[in-house]
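Dear colleague,

Please find below the structure that I am handing over to you. My findings follow it.

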Amino acid sequence: MDRATCEGLDRASPLAHCRGRFSLPEGLLYFNGNSLGALPKTTAADIDSVVREEWGRGLVESWLDADWFFLARRAGDAIAPLIGASAGEVVCADSTSVNLFKLAASLLRADRGRRTVVTERGSFPTDVYILEGLVDLFDGRFDLVLAEPEAIVGSIDGDTALVVLTHVNFRTGAMHDMAAIAAHCRAHGVPAIWDLSHSAGAVPLALNRWGVEYAVGCTYKFLNGGPGAPAYVYMATHAVAAHQPVVTGWFGHADQFGFEDRYRAREDIGKCLVGTPPVLSLRAVLHGVRCFDGVAMEDVAAGSRSLSELLVRLADERLARYGFALASPREPAKRGSQVSFAHPEAYAVSRALRAAGVVVDFRSPDVLRFGIAPLYTRHVDVWDAVDALARIMASEGWTPHTTATPDPVT
Ligand SMILES: *Cc1c(COP(=O)(O)O)cnc(C)c1O
């Protein structure tokens, strides 16, 4: 495999035109689209006009005149086709952590006497922390089970009150068979919430077809919504009807501007809204999601797979000798859109790579993570990144961690 072959793959890619939708710094090799997606070219001018025109001139009238009031549902409807959901099943609000709390609290409150809440050991910490808080809140009614990845299905039975799983593991990129686990949960009558933060916008998702009832996810990773952009909640249509909100704010009220004394939930997915939405960030979410306009998710998935396989292959050829061990599943179908390598000096190596213009991240304790964002990551980028890393290792141009203190954000 040489660089010219990579250039040929990029030219032939059905996604070749998508990179032009983003404003990426010249010369930078960016492999953190799974942490903070790149800036879409249309976002900045629109945010400028939201601030100067809609806010500055339109003032409070913009809630209706500029459609601010309906943005959360519009953004949800824009995300829906990317995850295999229908219009009216997704709404954008709050953070992923808070949305998980909202759904899990409601499902646990409705439970009739089952005991376990099953999640995965090594899952993204916020998911586990939120469940810990809830188990505490319910005062001993539930036991939190942190199952090893291979023991998850075996831990779900008739005594399970709730399952919470991240589709793609943030550290290893390992991807669950969502359709199969969802079917197992259904067979036992167990509600399951899926965290799509590391899968939406990068791998094909068919929530409706797979019979998934509940999901949450964030918009600032592969969906390019910008730092701190609001997250989303998905509920299958029948689950929307049954859902009883626990966090009962005025934006979820059936007659918000009736200012009634008591709460009455809306009938639609808007019942998941709580308070006033972050309009600037929601507008940015629309731009991030629009980068997928006219793009088939099958092409995104094929692009992700081709780029990831290239990275694995080049790493075998050029990096294994320096002690990099593949920390992601080798089988492409079991991997999301990232490739991780374990290395004892992963942190120091990640800093040396950044200094060389290759942005990857370090995940404690020893993982170097390459996120693959198929809309803008190119095969030549993968080739150049592996080349840069091989050169660093050959010259030992990195500082062992004994002299490097991790930054507060890695
Ligand atoms: C990034 C990520 C989150 C983010 O949660 P916030 O509440 O938006 O900070 C949650 N879950 C997973 C699996 C993630 O990867």
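The notes below cover the ligand site, the cysteines and the pocket.

This is a predicted model, in which local features need pLDDT of at least 70 and side-chain atom pairs count only at pLDDT 80 or more, while totals for chains, interfaces and linings use all residues. Residues are numbered from 1 along each chain as its sequence is written, and side-chain values use heavy atoms, with hydrogens and water left out.

Polar contacts are pairs of N or O atoms within 3.5 Å. A polar side-chain atom of S97 is 2.5 Å from a ligand oxygen, and a polar side-chain atom of K221 lies 2.5 Å from a ligand oxygen. For T96, a polar backbone atom is 3.4 Å from an oxygen atom of the ligand.

The whole structure contains 0 disulfides (pairs of cysteine sulfur atoms within 2.5 Å). C18 is in none, with the nearest cysteine sulfur, in C291, 8.4 Å away. C18 is also buried (under 20% relative accessible area, with a 1.4 Å probe and protein chains only), at 0%. The sulfur of C218 is 10 Å from that of C92, its closest cysteine sulfur, which is too far for a bond. C218 is buried as well, at 2%.

The lining of the largest pocket comprises 8 nonpolar, 4 polar and 6 charged residues (nonpolar: Ala, Val, Leu, Ile, Met, Phe, Trp, Tyr, Cys and Pro; charged: Asp, Glu, Lys and Arg; polar: the others, Gly among them).

Yours sincerely

Technical notes
Buried < 20%, exposed > 50% of the residue type's maximum accessible area, 1.4 Å probe, protein only. Polar contact = N/O pair within 3.5 Å; in protein donor to acceptor, adjacent residues only side chain to side chain.
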